[in-house]
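Q: Hi! Could you walk me through this one? I'm new to reading structures.

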Number of protein chains: 2
Amino acid sequence: MASPNTNQEKAGVLGRVLALPKVVKGKVLSICRLTKEIAQDDPRKVIHSLKVGLAISLVSLFYYYQPLYENFGLSAMWAVMTVVVVFEYTVGATLGKGLNRTIATLAAGALGVGAHYLASLSGATGEPILIGAFVFVQAAIASFIRFFPKVKARYDYGMLIFILTFSLISVSGFREVEVLEMAHKRLSTIFIGGSACVMISIFVCPVWAGEEFHYSIAHKLEILGYFLEAFVRVYFTMSKEGESEDNKGDSKDKSFLEGYKTVLNSKSVDDSLANFAKWEPGHGKFRFRHPWDLYLKVGALSRQCAYRMEALDAHINSDIQGSQEMRSTIQEQCSEMCLEASQAFKELGSSIRTMTMPSSSDTHVANAKAAVKSLKTLLQSSSWKETDLLSLIPAATVASLLIDIVEFTEKIADSVNNLATLTHFEVVDTDKSSTKAQQPSQSSPHCECVEPGPKTDSLQLVILIEDSALAVSDSEKSNRV
Amino acid sequence: MASPNTNQEKAGVLGRVLALPKVVKGKVLSICRLTKEIAQDDPRKVIHSLKVGLAISLVSLFYYYQPLYENFGLSAMWAVMTVVVVFEYTVGATLGKGLNRTIATLAAGALGVGAHYLASLSGATGEPILIGAFVFVQAAIASFIRFFPKVKARYDYGMLIFILTFSLISVSGFREVEVLEMAHKRLSTIFIGGSACVMISIFVCPVWAGEEFHYSIAHKLEILGYFLEAFVRVYFTMSKEGESEDNKGDSKDKSFLEGYKTVLNSKSVDDSLANFAKWEPGHGKFRFRHPWDLYLKVGALSRQCAYRMEALDAHINSDIQGSQEMRSTIQEQCSEMCLEASQAFKELGSSIRTMTMPSSSDTHVANAKAAVKSLKTLLQSSSWKETDLLSLIPAATVASLLIDIVEFTEKIADSVNNLATLTHFEVVDTDKSSTKAQQPSQSSPHCECVEPGPKTDSLQLVILIEDSALAVSDSEKSNRV
């Protein structure tokens, strides 16, 4: 009694079975596409994979060559394990894990041998009980220490290996007579595996966490700069609804306007990169104790800017656009603020990227602040008898958020200047500024590319010095966040 | 010729040496204090540490008892290793790691034995070369697969163990004759260690990642609710400067006003808890396939609220407070919006916490929206001839941010309602609402605790249905963030 339903079901199952090769083909194709994408996006990932293969193959030589094997025997396995577990994408992560593993093995090995010796004094029945107690107490204490915030951040892996080695040495010591030799073999194979990792990760196409962190912070500032630029273009042309749709640069602007989203949740990535970077030796332009905490501060400030940009973005996509009159009134000053802040962000970003002293960012910040001041004067002086307040709110909010952003621009500029002084960024623009000093007539506060001439400079310098004192205390406050 | 400087230096060094015991004592004391804090803050961390000790001691029994040792020999070490590496704080993390490790060992073990067999066919000289090639290719491919985002999120540890086991089996197979037996021993000891971890982590005071995640989302909503409540108290009393300082609830309000900061950067914690929760079997009120992604959505929306609260918070601490007149004009409606949204957040939070249907949150959202509407009407109708626009901006921005927050409240209420329906939250308020139906005279849209009577309900229901359709498409959009 095959009802139409069962028939349909059968047909469905049959269809699905027949479609299986197609589905599998689709899956395989999508995996291939993903592989290609990742490889094209960052070829260093392919190189990293080959490096891991190389390191493991190198270390497994211990097994193949008789003389090496005779020395280490089965313990050579630990070298392979170490390579697999310790080899990470960046040099800092590899070094951190390798050092953690080596030092923890050393410490736990010594303690394990001691525990074994103590336990062996207590006779055949007492020994397993005492060793069991040692292992229990040690594992419990070390597991608890892993919850300490500072330990968790930098030495978590070391604590894990401490528990592991202590347990292994003291427990297997119960059976093996030559505990000392075992501990020695374990330590030396781990050392060999660890140094193979570190060597390969440093000398074969290294990926430095510090460098990654450095460029990621520069990139973040540039993203903020591009957002503001695109915001001006989109927000102040939105009035002529149709035009904005057909706008040529629209898709580019759209991607610029979404950039801030990558900044919003960047804290955990920043923290881990800074942590890895601290393990790294001096490399390229970075010394051993490069002030990575300053980068963290710039990162935190740029996230606070990004929060404001989220609120701004909502105003672009909002249905209620408010008074067109109000918007066109504030357009000039707001555009100026945006463009100057945008220039400052881009300048600061490229200053970090190239490690050169920011030459014009202070001027841009001062211009943005001047625009804020002139906006405030404008708003104070204009009369708004006709318009209802509700329609003023969207534009007022945008203005207020932009004022906030200009404030953060100043704080960020301050932090970057601080960084530039501390790490001796290169000074490149001495002759550039002298040529500018000769043509003060060309300078204009509305021009994005040319800095204002020396006449405004001295005044701005005073403003900047006053403000930077303020900004320091402010940024200290925000640092507690 | 001891100059005064050298003498001072000597005295300094001596002083430091003499001060050493004091410094050590201080350090020890601060560590003790930290330990006590962590233990008091979350006693489950102490229990977790004891559980780790217990698991390792249990597994090391393999070494102590002759019959067990005869079966496994030195491979018993793998059981200890597995326990140390796999045992995590939450059940989900332990299960995820345990399953990853077991399955990866199984797969890589089978492949490793196969590779060993293939290589052994090629004679004494070809064997090491072929095995080396296999290991290299396998390690490189698996390392690359670890970069796939989906694999990285859930199976990263499995891929690591895959590389490890394949290398160990195929490499040490070159020396040991009984590869199959070795693979078998490794697999069974890992299985024993893994199941010991899972058993202890499930049956001895379990810490479920799902439960943690569930309560953390509820807590987040409550934090947002308390912020809004405190904001009303602080912002609208700030006018009378002195009063706010002496305010009794000030320190409490201050901590409420800083709560949102824990929400800002909660994405990575949310993601990992959701990931762990997905590994967990059904427990307590949670089924196996509990819709954790909905929790992630609520988390993302609450972060967007928190971004707005950052901007609001800046207005509390800002020097420019703007027109007092404007502020007191919008005070009633804004307070209403805040308090209703706050009630909605707290109700939604406690609804998640207790897993009961949110009873009055929809009413609170509707009230908040009504307050938004009346604020808009007020702003449209009032005339502001005297005031300059600049002094209006701070209050206008606060109003605009609060309107944004009310919108998000609605979206969050929608998501929570969705969650409540999907996971069959308990309905508790049937008799409560019937008693309320009998006393409609008591209901008032301004009362925080009593829901409006049935007369308003039908109208609000229509508004809610209309808006929820909107909110769904909106929240889909925000989900793409």
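Q: Let's start with the lining of the largest cavity: how many nonpolar, polar and charged residues does it have?
A: The lining has 8 nonpolar residues, no polar and no charged ones. Here Ala, Val, Leu, Ile, Met, Phe, Trp, Tyr, Cys and Pro count as nonpolar, Asp, Glu, Lys and Arg as charged, and the others, Gly among them, as polar.

Q: Which residues line the largest cavity?
A: They are Leu389(A), Leu392(A), Ile393(A) and Ala396(A), plus Leu389(B), Leu392(B), Ile393(B) and Ala396(B). The elements giving two or more residues to this lining are α19 (389-422) of chain A and α19 of chain B. Helices are DSSP runs (H or I, at least four residues), numbered from the N terminus.

Q: What should I know about the model and the numbering?
A: This is a predicted model, where local features need pLDDT of at least 70 and side-chain atom pairs count only at pLDDT 80 or more, while totals for chains, interfaces and linings use all residues. Residues are numbered from 1 along each chain as its sequence is written, chains are lettered from A and ligands numbered from 1 in the order in which they are written, and side-chain values use heavy atoms, with hydrogens and water left out.

Q: Now rings! How far apart are the centres of Tyr307(A) and Tyr307(B)?
A: Let me begin with another pair. The rings of Phe213(A) and Tyr295(A) have centres 5.8 Å apart and planes at 40 degrees, so that pair is tilted. For Tyr307(A) and Tyr307(B), the centres are 4.7 Å apart and the planes at 15 degrees, so this pair is stacked. Rings of Phe, Tyr and Trp (its six-membered ring) pair if their centres lie within 6.5 Å; planes under 30 degrees apart are stacked, over 60 edge-to-face, and the rest tilted.

Q: Why does the Tyr307 pair join two chains?
A: Tyr307(A) lies in helix α16 of chain A and Tyr307(B) in helix α16 (residues 292-317) of chain B, so the pair joins two chains.

Q: Are those two tyrosines buried or exposed?
A: Both Tyr307(A) and Tyr307(B) are buried. Buried means under 20% relative accessible area, exposed over 50%, and partly exposed in between (1.4 Å probe, protein chains only).

Q: New topic: where is His424(B)?
A: His424(B) sits in the loop between α19 (389-422) and α20 (430-437) of chain B. Its phi is near 50 degrees, a positive value in a residue other than glycine. His424(B) counts as exposed, at 66% relative accessibility.

Q: And what about Met355(A), buried or exposed?
A: Met355(A) is buried, with a relative accessible area of 7%.

Definitions and conventions. 1 Å grid on protein atoms, 1.4 Å probe; cavity = no way out; pocket = protein on both sides within 12 Å on 5 of 7 lines; lining within 4 Å.
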